[in-house]
Amino acid sequence: MKQKPQQVVHPLQPIFDENSRVLILGTMPSPVSRQQAFYYGHPQNRFWRVLCQILDEPLPSDPSGKQALLLHRHIALWDVLASCTIQGAQDATIRQPVVNDFHLLFAKAPIQKVFTTGQKAKALFVRYCSSYGFEPVALPSPSPANCAVSFEALCESWRQILPWLEEERL
């Protein structure tokens with residue numbers, strides 16, 4: 001059954017601290033993620049498995065463990081949009097986008113590189129957030145809708161974040 005477009009207000013706080021060096025941005029949490037009140041909650045979404053694979057970390061079993069993993073590895077996580085009209089979790093249906101205010105995040109965290117979980121998040125960030133001075137890198141989406149990209153190919157591409165997490169970059 002096809003879902004109707006609905007107005008969605010982003011319900012989640014960004015995850016970051018004063019040591020976050022890499023920012024990973026999606027577009028808007030999926031209905032499942034909003035229901036679970038945490039990022040990338042759909043069981044078929046490969047975000048957490050890919051991240052843990054490239055970081056050589058065990059997969060946390062709950063949101064607090066996932067948040068701790070991000071902060072321990074100096075990764076900030078949020079979405080580009082504060083609100084939009086969207087059909088389900090389909091980025092192609094996004095209308096009336098309103099972007100998040102990144103001023104506080106960029107003021108408190110020494111972000112060195114911005115990555116996005118797909119082309120739509122990158123396009124939105126480039127269009128509405130260019131004043132922050134970052135040229136984001138679009139990584140392949142870990143969404144189950146992007147099943148044409150294998151887990152191994154996702155991991156290979158996502159390894160681009162690793163050099164930005166190394167201590168000598170400080």
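**View 1. Phe115 and its bridge partner in the neighbouring strand.** Phe115 has Val137, in β7, as its bridge partner. In this predicted model, strand β7, which spans residues 137–139, is joined to β6 by 3 bridges, and the two strands run parallel.

**View 2. Pairing of β6 with strand β2.** Strand β2, made up of residues 22–26, pairs with β6 in the parallel sense, and 4 bridges connect them. One of the residues involved is Leu23, whose bridge partner in β6 is Val114.

**View 3. Side chains along β6.** In a regular strand the side chains alternate between the two faces of the sheet. Along β6, Lys113, Phe115 and Thr117 point one way, whereas Val114 and Thr116 point the other way, and all of these residues are buried. Because 5 of the 5 residues of β6 (residues 113–117) are buried, the strand is largely enclosed by the rest of the structure.

**View 4. Cys84 and Cys129, two buried cysteines.** The structure holds 0 disulfides. The cysteine sulfur closest to that of Cys84 belongs to Cys129 and lies 14 Å away, which is too far for a bond, given that a disulfide requires the two sulfur atoms to be within 2.5 Å. Cys129 is likewise in no disulfide, the nearest cysteine sulfur being that of Cys84 at 14 Å. Cys84 counts as buried because its relative accessibility is 0%, and Cys129, at 0% relative accessibility, also counts as buried.

Conventions. Residues numbered from 1 in each chain as written. Predicted model: local features only at pLDDT ≥ 70, side-chain atom pairs only at ≥ 80, totals over all residues. Heavy atoms only, no water. Buried < 20%, exposed > 50% of the residue type's maximum accessible area, 1.4 Å probe, protein only. Pairing = 2+ DSSP bridges.
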